[in-house]
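User: I am new to this structure. Please show me how to read some of its features.

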Amino acid sequence: MARGRQDTGLDAPKGLRTPVLRRDNVESRDRFGRFTEWIARAMGTPWFVLGLTIFVVAWMGWNTLAPNSWRFDSAALGFIALTLVLSLQASYAAPLILLAQNRQDDRDRVQIEQDRQRAERNLADTEYLAREVVALRLAVKDMATKDFIRAELRSLLEDLERSDAGEGEQARA
């Protein structure tokens with residue numbers, strides 16, 4: 001018996017209700033997050049700096065050396081279009097880099113929490129093992145050794161011999 005969308009409400013078990021956030025929305029956010037991380041990684045490479053330098057030199061060269069009818073940005077006005085393009089690139093780059101840093105901070109926070117939990121488990125395991133070692137030492141300390149058993153058997157044997165000797169003397173008398 002399948003439930004329709006209108007059937008599921010607060011009276012339905014949680015597993016049968018439709019999720020508040022759709023899964024494709026979560027995947028979309030994750031895809032965008034991966035994209036921001038890719039941008040941040042790409043902008044931090046020497047190849048990006050080299051490519052941007054080549055782009056700026058080509059832009060300035062074209063708008064300085066090309067015939068006047070082919071130029072689209074005036075060197076006399078200080079390359080206004082180039083400044084606009086670079087400002088636009090910077091205005092998008094900064095938030096994308098910050099988003100990538102936030103994602104990395106979230107991953108670091110989760111990793112730190114997992115490390116802390118692992119350290120607590122290791123400490124608890126170590127304390128448990130230390131208590132077990134102490135218990136074993138105490139048990140071994142109370143354990144009878146071979147020499148102790150031999151000494152006890154010898155003293156019992158001597159006591160038996162003495163009592164046999166005492167009975168033998170009483171029997172003679």
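Analyst: The side chain of Asp73 reaches the backbone nitrogen of Leu82 at 2.9 Å. This is a predicted model, where local features need pLDDT of at least 70, side-chain atom pairs count only at pLDDT 80 or more, and totals for chains, interfaces and linings use all residues. Residues are numbered from 1 along each chain as its sequence is written, and side-chain values use heavy atoms, leaving out hydrogens and water.

User: Where does Asp73 lie?

Analyst: Helices are DSSP runs (H or I, at least four residues), numbered from the N terminus. Asp73 sits in the loop between α2 (46-65) and α3 (80-142).

User: Which backbone nitrogen lies 3.1 Å from a polar atom of the Asp73 side chain?

Analyst: That of Ile80.

User: Which side chain of opposite charge is nearest to Asp73?

Analyst: Lys and Arg count as positive, Asp and Glu as negative; His and the chain ends are not counted. A salt bridge needs a side-chain nitrogen of Lys or Arg within 4 Å of a carboxyl oxygen of Asp or Glu. For Asp73, the nearest is Arg71, 10 Å away. Asp73 has no salt bridge, yet is buried (under 20% relative accessible area, 1.4 Å probe, protein chains only).

User: How many aromatic pairs does a search of the whole structure find?

Analyst: A pair of aromatic rings is described by the distance of the centres and the angle of the planes. Rings of Phe, Tyr and Trp (its six-membered ring) pair if their centres lie within 6.5 Å; planes under 30 degrees apart are stacked, over 60 edge-to-face, the rest tilted. The search finds five. One of them, Trp59 with Phe72, is edge-to-face: 4.9 Å centre to centre, 85° between the planes. Trp59 is in helix α2 and Phe72 in the loop between α2 and α3, 13 residues apart.

User: Why does Trp59 count as buried?

Analyst: Because its relative accessibility is 12%.

Note on methods
Helices (H or I, at least four residues) and strands (E, at least two) are DSSP runs, numbered from the N terminus. Buried means under 20% relative accessible area, exposed over 50%, partly exposed in between (1.4 Å probe, protein chains only). A polar contact is a pair of N or O atoms within 3.5 Å; within protein, one must be able to donate a hydrogen and the other to accept it, and residues adjacent in sequence count only if both atoms are side-chain atoms.
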